[in-house]
Amino acid sequence: MTKVITTAAIKGGTGKTATAGALAQAGAAAGKRILAIDLDPQSSLSIWLGADLHRPGSYDLIAKGAAPETAIQATGSGVFLMGGSANLTAIRTGPGSARRLERALSPILPAFDLVLIDTAPAMGELQNNALYASTGLLIPLETDSSSLQGLYQIADIAHHIQQTNTGLKIHGTVITKYDRRPRINRFLRETIKEKGAAIGAPLLGEIRAGVAIREAMALQQSLFDYAPKSKPAQDYKALYQKIMEV
């Protein structure tokens, strides 16, 4: 069965989009067929992957009932993409609306080895659509004082959705932009690890801080083409392999 993994966080700036994009690129670099879905109205993932934002994308799929194959475009990094749109903010709740993405993706899932969904850093209809369509949830966090609150919030949402989507698994957390030198960062890492394990969200690892990921995003290049030996590339490759094994 195709893995469908959502990267989600309540707080912005946690490396959510970087994680979705880098995992997608790691899969493409490994020769797998990867589909990335941008459900964030800011479309940061789409911009990084060099998408044509004038083409149909995730909004057309969910709101207009577009055929999924018409909403997918190939990118230079080898990742297939459903691009984001500012129009995603117009999607409203209705009867059965939280499962529109799940129903739309069902016919095409066998064509891909992995689907990664990037969501906006907020609770709501788009995040619900992503989680109902997913087999797994990955929660990127930073080592800051607000991380635990965000972890509890997104875990609560996932636990609620698991009552209906019994196939949804919380894979766990990943700490992004990690610098182990400050003592406070090591303390917060251990706190995230302990508290996350207690609510069924184990710590899967850390993505070490490094400028390569920001540079790759700015240049619209795959991290694994731009800086394959960088610390972030090594860590995201290891995370990709761990995700594919579970």
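Student: In what order do the eight strands of the open sheet run?

Tutor: This is a predicted model, and its eight strands form an open sheet in the order β3-β4-β2-β5-β1-β6-β7-β8, with mixed pairing. The edge strands are β3 (73-74) and β8, each of which pairs on one side only.

Student: How should I read the pairing, and which sense do β3 and β4 take?

Tutor: Strands of a sheet pair through backbone hydrogen bonds, either parallel or antiparallel. Here β3 and β4 are antiparallel, with two bridges between them. Glutamine 73 has leucine 81 in β4 as its bridge partner.

Student: And how many bridges join β2 to β5?

Tutor: Six bridges join them, and these two strands run parallel. Alanine 36 is bridged to leucine 116 in β5. On the β4 side, β2 pairs with residues 80-82 over three bridges, also in the parallel sense. There alanine 36 stands opposite leucine 81.

Student: Which residues of β2 point one way and which the other?

Tutor: In a regular strand the side chains alternate between the two faces of the sheet. In β2, Ile34, Ala36 and Asp38 point one way, while Leu35, Ile37 and Leu39 point the other, and all are buried. Because six of the six residues of β2 are buried, the strand is largely enclosed by the rest of the structure.

Student: Which strands does α1 lie across?

Tutor: α1 lies across β1 (3-7), β2, β5, β6 (136-141) and β7, and runs at about 165° to β5. Have a look at helix α5 (residues 125-132) too: it lies across β1, β2, β5 and β6, running at about 165° to β5.

Student: What is leucine 239 in contact with, leaving aside its neighbours within four places in sequence?

Tutor: Leucine 239 is in contact with Thr19, Leu23, Leu138, Val174, Leu204 and Ile207.

Student: What about backbone angles: what is the phi of serine 43?

Tutor: Most residues other than glycine have a negative phi, and most peptide bonds are trans. Serine 43 has a phi near 60°, a positive value in a residue other than glycine. Serine 43 sits in the loop between β2 and α2, and is buried, with a relative accessible area of 5%. Lysine 177 also is not a glycine and has a positive phi, of about 50°. Lysine 177 lies in strand β7 (residues 169-178) and is partly exposed, at 44% relative accessible area.

Student: Finally, how many cavities of 30 Å³ or more does the structure hold?

Tutor: Rolling a probe the size of a water molecule over the atoms shows where empty space is left. The structure holds one cavity of 30 Å³ or more, and the largest cavity has a volume of about 70 Å³. Of its 13 lining residues, Lys11, Thr14, Leu141, Ser147 and Gly150 are the closest to its centre.

Student: Which elements each supply at least two residues of that lining?

Tutor: β6 and α6 (147-162) each do, and the largest share, four residues, comes from α6.

Conventions. Residues numbered from 1 in each chain as written. Predicted model: local features only at pLDDT ≥ 70, side-chain atom pairs only at ≥ 80, totals over all residues. Heavy atoms only, no water. Contact = heavy atoms within 4.5 Å. Buried < 20%, exposed > 50% of the residue type's maximum accessible area, 1.4 Å probe, protein only. Pairing = 2+ DSSP bridges. Axes fitted to C-alpha atoms, helices over the stretch in contact; angles between N-to-C directions. 1 Å grid on protein atoms, 1.4 Å probe; cavity = no way out; pocket = protein on both sides within 12 Å on 5 of 7 lines; lining within 4 Å. Points joined across faces, edges and corners; volume = space filled by probe spheres on them.
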